[in-house]
Amino acid sequence: MEERTPTIVRAKAIAAQAGSASAPKPDPEALAVTGEMITATGALSELRDRFPRAEVLDFGDSTIIPGLNDAHIHLAMTAGDALHLDLSHAAVGTVPALLDTIAAEVSATSAGVWVKGSRYDDEKTGIILRDDLDRIAPETPVVVSHVAGHWGMVNSAGLRWLGIEESSPDPDGGRYDRYSDGRLNGKLIERALMNVLMPATARGERFIPGDTVEDLQLGAARTIAQWNAAGLTSICDALISPQDISILSAVRDAGDLSMRIGMLLSIDHYDKAVDLGVGSGFGDDRLKLIGVKAFLDGAIGGRTCLLSEPFTDPNYQGVQTTSTEELRANVERVHTDGNRVGVHANGDAAIRLVLDALEDVAARIPRPGLRHRIEHCSLIDDDILKRMHRLGAIAVPFAGYPGYHGGALNSWYGEERMGRMFAHRAFLDAGVTVAGSSDYPCGPYQPLFGLQSLVTRTGVDDGITVGASQKVTAAEALSIFTLGSAEASGEESYKGRLAPGYLADFTVLGDNPLTIDPHGIADIDVRATYVGGDAVYSA
């Protein structure tokens with residue numbers, strides 16, 4: 001059979017990440033791409049001589065980097081959000097504008113149909129509660145999801161629809177928040193929201209109606225195209241249900257799956273996967289399960305994570321959303337089956353509980369080579385680092401939070417703790433694998449924003465640097481968002497480098513993120529994105 005002729009790809013700079021940190025290799029001048037794989041690298045003249053019939057794809061003064069990979073992001077969730085109101089601070093700015101946006105949607109919505117909005121940021125935009133929503137929507141049910149994804153606000157019509165009354169007891173792992181006079185203020189915290197809004201985690205009898213499968217397919221396709229334009233070639237959707245898998249499969253069948261997607265299946269649906277014989281690695285290099293997702297505590301931005309020391313409020317240490325007994329049972333079951341588990345644990349108290357469970361099951365039921373993940377893994381100390389290193393556990397912390405939240409993080413957690421939060425520097429120094437994550441819609445999805453945040457640790461709105469001791473170099477940040485994310489999904493042998501034997505997934509940038517002023521990384525233009533040697537975005 002005749003050998004396929006490769007395409008030679010060149011640019012002013014190629015950040016290949018060949019070799020290792022201890023034995024780096026010089027970056028090549030060009031790549032040879034055959035089908036979906038990189039088959040050779042080297043000097044342009046050498047590759048021309050070796051492949052005289054090859055077409056040369058010349059990106060001029062651009063910089064080529066390995067395809068950017070977000071190890072914890074929410075495509076299925078965003079597919080629905082894309083169909084409803086964007087209430088982010090960038091979109092609405094102020095409380096009056098937010099309420100006007102909702103009011104306009106209420107007036108255009110049929111009676112009894114839910115109005116939904118997401119990405120509301122109380123810290124940046126201001127506080128809204130049930131009474132504020134009632135003034136603009138006395139009869140139409142409204143739900144507003146917080147940007148952190150761990151609480152939301154509903155109006156009185158929404159509470160009535162859900163059957164939540166003033167006398168309703170708090171659900172396990174959640175809370176119905178109240179005004180100072182004891183009246184419900186509409187804020188549904190943790191499981192109180194998850195039980196009624198999120199299909200992958202819902203545990204209740206009344207659910208806010210979802211979108212049609214066809215609409216969600218459209219929303220997913222639009223979102224994937226948007227993320228391609230930001231330079232993403234791979235993601236891990238960190239919370240999916242069986243319906244979500246069907247939707248993403250349909251997107252693929254329609255030819256719109258222009259990135260590689262790993263998935264963490266919600267633990268609430270694990271029985272179905274076991275019945276079907278489906279586990280970590282099921283699928284192919286475009287769409288596959290990489291593990292199972294469980295929850296233990298709340299959120300950083302929502303100020304509900306489980307801490308060993310109180311927040312700046314001395315009477316509050318966060319929320320444990322799943323009992324320790326349930327956590328241990330879930331971890332043991334998934335581990336025993338030989339599948340990877342990723343446990344959502346932000347606070348140091350939560351992380352220690354996860355490590356307790358992982359250490360216990362590893363000692364009793366060895367599974368060599370099975371590496372589990374701690375999703376977010378936000379607040380650490382030296383003991384946590386040592387325990388993670390011994391276990392081979394993988395950290396998937398927020399990359400963009402210092403850049404997005406800035407000085408608000410100091411006010412929530414204090415400067416000392418901020419020196420131990422989103423601890424990418426500490427993970428690298430301790431030899432703990434660390435991946436790149438936006439957790440969008442909880443933080444900006446743009447991976448270049450994440451790189452800038454990792455390097456500068458500075459808020460883009462207020463210019464305040466938080467946890468400066470956790471800064472990493474630009475090269476380390478790029479490695480976190482490529483090789484680190486590939487390792488988090490067990491794909492490091494063929495993804496995350498521009499080297500022979502690796503996938504031809506790469507991002508073409510207008511400037512070099514490794515050499516420019518790091519405060520400008522987020523503003524670098526993405527000129528093209530390639531997945532498996534094919535252009536999925538071109539400016």
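## Helix packing, cores and backbone

In this predicted model, Asp348, Ile351, Arg352, Leu355, Asp356, Leu358, Glu359 and Ala362 of H13 are in contact with Ile384, Arg387, Met388, Arg390 and Leu391 of H14. The residues of this contact comprise seven nonpolar and six charged ones, with no polar residue. Helix H13 spans residues 348-364 and helix H14 residues 382-391; their axes are 11 Å apart and form an angle of about 30°. Because angles under 35 degrees count as roughly parallel, H13 is roughly parallel to H14. The crossing of the two helices, H13 and H14, is left-handed.

The largest nonpolar core contains 77 residues, and Trp227, Ile261, Ile380, Met388 and Phe427 have the most contacts inside it. H13 supplies the largest share of this core, eight residues. Beyond its neighbours within four places in sequence, Ile261 touches Leu75, Ile224, Ile235, Asp237, Leu248, Arg286, Leu287 and Lys288. A second, separate core has 18 residues, among them Val115, Ala137, Val144 and Met153.

Most residues other than glycine have a negative phi, and most peptide bonds are trans.

| Residue | Phi | Relative accessible area |
|---|---|---|
| His376 | about 80° | 1% |
| Asp439 | near 60° | 5% |

His376 is buried and belongs to strand E18 (residues 373-376). Asp439 also counts as buried and is located in the loop between H18 and H19. The loop between helix H18 (424-430) and helix H19 (447-456) holds Pro441 as well. The peptide bond from Tyr440 to Pro441 is cis, with omega near 15°.

Technical notes
Residues are numbered from 1 along each chain as its sequence is written. This is a predicted model: local features need pLDDT of at least 70, side-chain atom pairs count only at pLDDT 80 or more; totals for chains, interfaces and linings use all residues. Side-chain values use heavy atoms; hydrogens and water are left out. Axes are lines fitted to C-alpha atoms, for helices over the stretch in contact, and angles run from 0 to 180 degrees between N-to-C directions. Helices (H or I, at least four residues) and strands (E, at least two) are DSSP runs, numbered from the N terminus. Angles under 35 degrees count as roughly parallel, over 145 as roughly antiparallel, 65 to 115 as roughly perpendicular and the rest as oblique. A crossing is left-handed if the near helix is turned anticlockwise from the far one by less than a right angle, and right-handed if clockwise. Contact means heavy atoms within 4.5 Å. Ala, Val, Leu, Ile, Met, Phe, Trp, Tyr, Cys and Pro count as nonpolar, Asp, Glu, Lys and Arg as charged, and the others, Gly among them, as polar. A nonpolar core is a set of buried Ala, Val, Leu, Ile, Met, Phe, Trp, Tyr and Cys residues joined through side-chain atoms within 4.5 Å. Buried means under 20% relative accessible area, exposed over 50%, partly exposed in between (1.4 Å probe, protein chains only).
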